[in-house]
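Dear colleague,

I am passing on the structure below, and after it you will find what came out of going through it. Please keep it open beside you while you read.

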Amino acid sequence: MTQKRTRGGRYEVQGSSALRPEFSSFTQDDLDTIRRTFETRDKAVKAERRPARRVAKKAGVSVGTLRRVAIFAVASIVVFSVTILYIFQCAVIAGNARDIHELQAQLKQEKRASDDLRLDIARNDNIHQIQRIARANLGMDYPVDTQLRTVSLPELPPAPITEPVLPKTDRVGLLSILFGQSE
């Protein structure tokens, strides 16, 4: 005895129960119970698909078209998110590039100022340059003989060199405490 599903979703028993002994004890009530169980399962499976079918029916499209639209919508959201992230990264990179350019310009300016200061130092370290500036700008010149005056000081005996005397302290050292030695 075999079961076959018909177009209406029902199951029909076909064949003889003599072919399969395990089906020989089934009554018509048992077969109806089995048929109802399968029908209930089919209804549950259809109920799971109903929201998509209901939406598709309201929209006037097939379920396949509705699925394709849903997949396209999800893919569009993913692409949009990736595009937004890419644009954000480009903006950050552009801001960092601008900062780098400004810092490089500032570095060039500071190097020029440092080079100018080094040139001034090199120019002013030259003794002939110092002498020329002193004579031209400050009116300084070597004194003439009439401007020189020599002073003699009385000769003093040299001071004796003595060793420094350290003041005695009342401190007790750690070693003398530990070993009982006096200083």
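Isoleucine 87 counts as partly exposed because its relative accessibility is 49%, where buried means under 20% relative accessible area, exposed means over 50%, and partly exposed lies in between (1.4 Å probe, protein chains only). The model is a predicted one, in which local features need pLDDT of at least 70 and side-chain atom pairs count only at pLDDT 80 or more, while totals for chains, interfaces and linings use all residues. Residues are numbered from 1 along each chain as its sequence is written, and side-chain values use heavy atoms, with hydrogens and water left out.

Isoleucine 87 lies in helix 2, residues 63-125; helices (H or I, at least four residues) and strands (E, at least two) are DSSP runs numbered from the N terminus. Together with Phe80, Ile84 and Tyr86, Ile87 makes a nonpolar surface patch of about 460 Å². Patches are made of residues with over 30% relative accessible area and no salt bridge, like charges being joined within 9 Å and nonpolar side chains (Val, Leu, Ile, Met, Phe, Trp, Tyr) within 5 Å.

**The protein as a whole**

The protein has four helices and two strands, which follow one another along the sequence as β-β-α-α-α-α. Of its 183 residues, 7% are buried, and the protein exposes about 17,400 Å², of which carbon and sulfur atoms supply 60% (Shrake-Rupley method with a 1.4 Å probe; for residues, only the protein chains shown count as cover).

**Where helix 2 meets helix 3**

The axes of helix 2 and helix 3 (residues 127-136) come within 5 Å and cross at roughly 80°, the axes being lines fitted to C-alpha atoms, for helices over the stretch in contact, with angles from 0 to 180 degrees between N-to-C directions. The two helices are therefore roughly perpendicular to each other, a term for angles of 65 to 115 degrees, whereas under 35 counts as roughly parallel, over 145 as roughly antiparallel and the rest as oblique. In contact here (heavy atoms within 4.5 Å) are Arg123, Asn124 and Asp125 of helix 2 with Ile127, Gln129, Ile130 and Ile133 of helix 3.

**Salt bridges**

There are two salt bridges, each a side-chain nitrogen of Lys or Arg within 4 Å of a carboxyl oxygen of Asp or Glu. Aspartate 99 pairs with arginine 98 at 4.0 Å, N to O, and aspartate 141 pairs with arginine 135 at 3.1 Å, N to O. Aspartate 141 is exposed, since its relative accessible area is 58%, while arginine 135, at 43%, is partly exposed.
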